[in-house]
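A short briefing follows the display.

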Amino acid sequence: MKIKLLPSTIDEAGRLSPEQRLSCFVVDGRVCIDAGSIAIGLRDDERERVRDVIVTHPHMDHVATLPIFVDDLFGFLEEPVRIHATEEVCGLLARDVFNGTVYPPFQNFDNGRTRVMQFVPFREGEEFAVAHLRVKAVAVTHIVPTVGLVINDGERTVGFSSDTSATDEFWHVVNREPRLDALLIEASFPNSLKKLADVSGHLTPEGLGSELGKLTHADVEVLAMHLKPSFRLQLIEELKALGVPRLSAMEPGREYEW
Ligand SMILES: [Zn+2]
Ligand SMILES: [Zn+2]
C-alpha cells in the first residue's frame with residue numbers, strides 16, 4: 001500500500017514547503033482520506049483516478065478544497081465523486097458546505113451523464129469497501145464527530161488516527177488486527193501546549209507517546225502527522241526525544257510504501 005500526504009503550502013520562493021496546513025492523504029493513487037488539499041495537491045493522473053474520498057470529520061483543514069475538486073471535474077465525470085463518511089458527517093457537509101450558499105449542493109446535480117457527487121454513508125464499527133480497500137471506522141476523541149480508520153488492501157494494514165486526543169476504542173480495533181504495517185497518528189501541538197491540545201481534541205508528542213503505549217503490535221512504522229505548521233521544527237525535536245523506534249514526522253509529498 002502506498003500513502004502520500006499531499007503538500008498544501010508554498011514557501012516564499014514558490015516551492016512546496018514541508019509545512020502542513022491542510023490534510024489530504026492519497027492511498028494507492030486512487031482513494032483520498034480527507035480532502036483539505038485535494039484540489040491543489042493531486043497530480044493530473046491522480047485527479048483522473050480519484051473518485052472516492054473518505055472524510056473523517058468536517059473541519060475545514062480536512063475538507064477545504066473538496067468543493068473545488070468536484071467543481072474542477074464537473075463536466076468530465078463519468079461517475080460520481082463518492083464521499084464516504086458517517087451519516088452524521090454527510091449531513092453536516094450537506095448543511096454547512098454543499099448548501100447552496102457556501103458552495104452548490106453538488107449531491108443534487110448531474111452533468112448529463114452522471115450525478116457529480118454522492119454521499120455514501122458508513123457505520124462506525126462495520127467494515128466497508130472503498131475502491132480496492134477494506135476500511136473500518138472508529139469514533140475517536142475530537143471536538144466534532146470524527147473517526148479514525150483502519151485500512152487494508154488485501155495484504156497490508158494501516159491505522160490512521162485522524163484528529164484526536166487520548167482515545168481508547170481506536171486502539172482496541174487496531175490491536176485486534178492480525179497485522180499492522182504502519183500507523184499514522186497526529187501530533188498537533190508541542191508539549192508545552194498540552195492544555196490547548198486537550199481542549200481542541202489533539203495530541204502533543206508526549207500524548208502520542210502515551211497513546212503508543214496502548215498499541216500491542218510490535219515493529220510498526222509510526223508516522224506523526226497533522227503537525228501545526230508554526231511548531232513543526234519543535235514538534236520534530238519533541239518527537240525525536242520520545243526515543244520511539246521507527247517514529248518520524250510524515251513528509252508531505254513523499255510516497256510511503258508498505
Ligand atoms: Zn479536526
Ligand atoms: Zn485537523
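In this predicted model, strand 8 (residues 133–139) and strand 9 (residues 147–152) pair in the antiparallel sense over 6 bridges, where strands are DSSP runs of E with at least two residues, helices are runs of H or I with at least four, both numbered from the N terminus, and pairing requires that DSSP finds at least two bridges. Local features need pLDDT of at least 70 and side-chain atom pairs count only at pLDDT 80 or more, while totals for chains, interfaces and linings use all residues. Residues are numbered from 1 along each chain as its sequence is written, chains are lettered from A and ligands numbered from 1 in the order in which they are written, and side-chain values use heavy atoms, leaving out hydrogens and water.

**Strands 9 and 10**
- Val150 of strand 9 is the bridge partner of Lys136, and Val150 is also paired with Gly159 in strand 10.
- Strand 9 and strand 10 run antiparallel, joined by 4 bridges, and form a hairpin with 4 residues between them, where Gly154 in the turn has a positive phi of about 100 degrees.
- From strand 10 (residues 157–160), Thr157 and Gly159 point one way and Val158 and Phe160 the other, all of them buried (under 20% relative accessible area, with a 1.4 Å probe and protein chains only).

**Strands 10 and 11**
- Strand 10 pairs with strand 11 in the parallel sense over 3 bridges, and Gly159 stands opposite Leu183 in strand 11.

- The open sheet has 7 strands in the order 7-8-9-10-11-12-13, with mixed pairing.
- Strand 7 (128–130) and strand 13 (247–249) stand at the edges with a single partner strand each, so one side of each lacks a neighbour in the sheet.

Technical notes. Buried < 20%, exposed > 50% of the residue type's maximum accessible area, 1.4 Å probe, protein only.
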